[in-house]
Amino acid sequence: MTVISILAIAVTLLIMIALAKPVGLYLAAAFDYAPNRINRIFSPIERILYKISGVREESQSWKMYALSLIGSNAIMIFIVYLVLRFQGMLPLNPAGIANMEPTLAFNTAISFMANTDLQHYSGESGVSYLSQISVLVFAMFVSPATGLALVMAFIRGLTGKAAGNFFVDLIRALTRVLLPVAFVSALLFVFMGVPQTFEPAATATTIEGTQQEIARGPIASFLAIKELGNNGGGFLGVNSAHPFENPNGLSNLLQILLMLLVTTSLPFAYGKMAGSIKQGRVLFVSMLMMLIVMTSISLTAEHVGNPALNALGIQHDQGSMEGKEVRFGEAQSAFYSVITTAAETGAVNTMHDTLTPIGGMVPLVNMMLNTVFGGMGVGFVNVLMYAIIAVFLSGLMVGRTPEFLGRKIEGKEMKLIAVTLLVQPFLILVPTAIALATNPDTISNPGFHGLTQALYEFTSSAANNGSGFEGLGDATPFWNISTGIVMFLGRYVSMVTLLAVAGSLAAKKPIPQSSGTFRTDTAMFGAVFVGVVLIVGALTFFPAVVLGPIAEQLTL
Amino acid sequence: MDKIEKKKKMLSGDMLGAALRESFVKLDPRIMMRNPVMFVVEIGFLVTLLLCFVPDAFGGSVPRWFNIVTTLILLLTLLFANFAEALAEGRGKAQANSLKKTKQDISANKISSGGAIKTVPASELRKGDFVVVESGELIPGDGEVVEGLASVDESAITGESAPVIKEAGGDFSSVTGGTKVVSDRIKVRISADPGESFLDRMISLVEGAKRQKTPNEIALNTVLVSLTLIFLIVVVTLPFFSGFLGIQLEIPILIALLVCLIPTTIGGLLSAIGIAGMDRVTQFNVLAMSGKAVEASGDINTIILDKTGTITFGNRMASEFVPVQSVKEEETAYWAAISSLKDETPEGRSVLELMKKNGLPYDEKIGEGGTFIEFQAETRMSGIDLVDGRHVRKGSVDAVKQWVRSQGGTIPADLDDRGAVIATAGGTPLAVAVDSRIYGLIHLKDTVKPGMRERFEQMRRMGIKTIMCTGDNPLTAATIAREAGVDDFIAESKPEDKIAVIRREQAEGKLVAMTGDGTNDAPALAQADVGIAMNSGTVAAKEAANMVDLDSDPSKIIEVVAIGKQLLMTRGALTTFSIANDVAKYFAIIPAMFMVAIPQMQALNIMRLDSPLSAILSALIFNAIIIPLLIPLAMKGVAYKPMSTSRLLGKNLLIYGFGGLVAPFIGIKLIDLAVQALI
């Protein structure tokens, strides 16, 4: 690994750190219901949208907020499903792509609305241009907007404010965050060489004289929201490994920054909304530490490469290059795999299946923890849930009924959190066990690596990441339906339970801080938070990880 | 009974025997079901028990001895947990039994409507009945003295053998059933129906019969259940994972893994911690009406304390002699002492004490044969008429001035100024005069009890604000407040003021504690989150409060707060310990499970445990014996010294978090060495 490649990663992280706070402050202001400058700029446009859609700018109850979120998402899932099912008969289909098969459409509709973008189809041959730009891109905007609305409502709850209005938040997420940033970055991608066209695939004659179909299309616009919205679904089958979807180092950098942009800024938005930036900074730094550790493990594993191959005397100065694009090299490929799973995006610029066992374990662990920043909105809500658990344990240890931001954590909140905590292990381990027992023939590798393939698929679904370990014969009804269900539950169960936690906390009378209060803005709290995340995560997934990547590494 | 002796008796062999018996009774699944964590262990136990008799019930090939040993360890784990709970309950039961003895067969002299006295069993008395209690008789029920005055021995309830005076009217009129009248005769109006008396409530409380889970216990229990379910998912899915790899996992080994992972340590000790916490309060002679109240006391933000009796001794003591005009200080002191020679009031005695303390000489003989003039409300002076005819007086400045003038004496010009200085400082000036000459002033001061300042300092570190209530004027109140180091005070306070302060603090989201004894304290006691009534107080106060202090020591509230905190800390510390333990257990069991099929797993066997079976047994044994090892901690509670929260957290994290991570690595390794020798 060269000094330059490490420097490049360091610079990327520095840009990310520099952007986090200003973007966070912008987000806090953008979702504030009190009049401010941002409201004055955007409100006139939004009013028109409210008028058209019949949205009244009134705060909803917590139940209503959750119901609006789930209801509107369910309806949109159904619309996406219908379009995919009948795309063959609908316009804007120059390649004449057929209707999507029902279980695959079920999977894809949930996948895109649940911000997962697990793709059991290949973009070039599975979906029409209409599907790509209308329903898929539509879902890729609405699902991160939903996540952003959720996190804002959740933070409002923790800080004792009213829930707000889901539809107002949803529209604000689109008009004030996603559309402007996506628009600008799409243009930048075009400038970097990403195609944006409605022309069908080009036909080229190769040097050998054979005819080759080169897929293209409106990729730049798709790519921008794919990364910014932590969606991750590729326009093309091989996602950001394709030169049209990630032409060079600069586009790679922009993609990484877009993936991290919102999720790394949310701690600061939260700090601002909670009235103390320090509250958010502690969480930001804790997550950054985890990210740096994960990155280091991944880089080391990929650099050292496969000991069995190294023993054969194969030159490995460039690290393990299997499955990686030469234009990115080992460092940028490994780094991308860490970021895409930390931010739960799921875009890939390298095939995770070909990472070294430990290099492949890092993305897996990122998704299992789902707290190394995490996906758009939902990731940070998950982080706050772990913060509440950390507060609960450490509050007890200083001899007080635990309180978070001045609100007591009691039986009701802990019951809801206990349910939420169960969701992730259940959705990952149980379906994986079922798949391993009933569908071993769809798994392309035997042994530990095969186990990891199945485990990865469900972890990616439950964490709404969407990246695949590949090598899985996953376009079968079993995988379509099982991952579809896992993605749906993985997304919406915790949304409802955690909104209920927020509602319950919002109703409590805040207790003023005293020297006896356990402070949540100190380095010690950061350490407790990381400890809780790692211990709960490790205890839950240790056996599965041991039988997958760790056993694979040990037996190489 | 001496308290230490009492405690010794509480841990007698009888109690251990009873707890041991209870441990087996509690194996009943219907009782076990109330503790989900241990219930899972019990199911595991039943499965391995079955395997002892039918080793191949699930097609396994584990040696039979392993099944038997596992079954035994699981049984022990269950018994240890039950024993902890039974032991905690046992202490209360022993106390309840001794209370019950006092209750037996009391007869009452009931006054019937005609006025005739009839002897009836105490159990027939109803609210509103009148009884007469003579010296040497037990008071048949809770009530209020309506006539007479008597000294009552309340040791049956308080453990304090010195009798207390009870009289009709005022704040000392309430009597408790089961206590004994040792002198005189009183007429009592019964205020409780049978089964509802203070003694009955006390018995049911210490017995823990009506123990309900407290809010925090419920919250923690939820977390434990959630962890248990997570591990259940982990263990149930594991055979499918290994099955894909062609590795067969044995049922008893999976059960061992499950039992090691679920939080049995805290699960087994949780109810014992709660009961022991209540019990610690009781041992402290404070009766908490619910566990919730004890828990709430750990959360207190503000404590409202009465000045008199709590913060200060309540009587004014001489602190300084202030001469006037040309008089020397020694002279002032001398005559002040003479005036107090036969004065038995606390003020009088304090003058002589101050003399001794300052090493000032006075001649006691002068007073011999003199006539003592007692303090009277009209004269507002006391003193002595000496044999040589001189009249020595001390008293309120105005009264003494008048007395001197009436004898034709002059008033020193600086007397009023010096008096004002004392008053400004919160003291009371007493003038000292001999016949027509005024010799100066005695500065009387309400003295803060020793150690109070340090206590308030501690409370500030615990994040608790103290508010002092006093009937004194604002100046005096401010001085005492400054001296004692309380954060705030209310001067010239009326009972309504206390409620107002409590409401104001509560409106800010704070939890407020207060102590009180009078009937007019009752509303405030009810309003406070933690209200501690003095046992010497009125029935109304005791009814309104959620704790009763049997020793009637208002400053005990501070210890109650510490006990409440300790209760929560013990839960938190043991939970953290329990969860942190799992890391080492994983490193013991997981490599052991797969080492045969995947020899490279040896790399994860970082403890270098001998063999797969010994590794699993060692983890399981550690998991079992850690419960009895921690019983003393659960009973006594985690050591608590007031310090800043971050230091406290740091300390507990180090001991129970980091310690919990490391201890099992050492423990399991040591057990493995022993097990290795055996198999």
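User: Before we start, what counts as a salt bridge here?
Analyst: A salt bridge is a side-chain nitrogen of Lys or Arg within 4 Å of a carboxyl oxygen of Asp or Glu. One thing to keep in mind as we go: this is a predicted model.

User: Good. How many of those are there between chain B and chain A?
Analyst: The count is 1 salt bridge between chain B and chain A. Asp299(B) and Lys408(A) bring their side chains together in a salt bridge, at 3.8 Å from N to O.

User: Which helix of chain B gives the most to the side touching chain A?
Analyst: That's helix 8 of chain B, with 19 residues. Other elements that give two or more residues to this side include helix 21 (557–594) and helix 23 (645–678) of chain B.

User: What's the residue make-up of that side of chain B?
Analyst: The side of chain B that touches chain A has 36 nonpolar, 18 polar and 7 charged residues.

User: How much area is buried between the two chains?
Analyst: About 5,000 Å² is buried between chain B and chain A, and carbon and sulfur atoms give 78% of that. On the chain B side, Phe241(B), Phe244(B) and Leu649(B) lose the most area to chain A, together 15% of what that side buries.

User: Switching to chain A: what are its domains?
Analyst: The domain assignment gives domain 1 (3–200 + 215–277 + 318–353) and domain 2 (367–555) of chain A. Their centres, taken over C-alpha atoms, are 21 Å apart.

User: How many residues does each put into the contact?
Analyst: Domain 1 of chain A puts in 62 residues and domain 2 of chain A puts in 54 residues.

User: How many salt bridges and polar contacts between those domains?
Analyst: The rule finds 0 salt bridges between domain 1 and domain 2 of chain A.

User: Last topic, strand 4 of chain B. How many bridges join it to strand 7 of chain B?
Analyst: Strand 4 of chain B is joined to strand 7 (residues 180–190) of chain B by 10 bridges, and the two run antiparallel. Within that pairing, Ala150(B) stands opposite Asp184(B).

User: And what about strand 5 of chain B?
Analyst: Strand 4 and strand 5 (residues 164–167) of chain B pair in the antiparallel sense over 4 bridges. There, Ser151(B) has Ile165(B) as its bridge partner.

Key. Residues numbered from 1 in each chain as written. Chains lettered and ligands numbered in written order. Predicted model: local features only at pLDDT ≥ 70, side-chain atom pairs only at ≥ 80, totals over all residues. Heavy atoms only, no water. Buried area = accessible area lost by both parts, 1.4 Å probe. Nonpolar A, V, L, I, M, F, W, Y, C, P; charged D, E, K, R; others polar. Pairing = 2+ DSSP bridges. Domains from an automatic or database assignment. Contact = heavy atoms within 4.5 Å.
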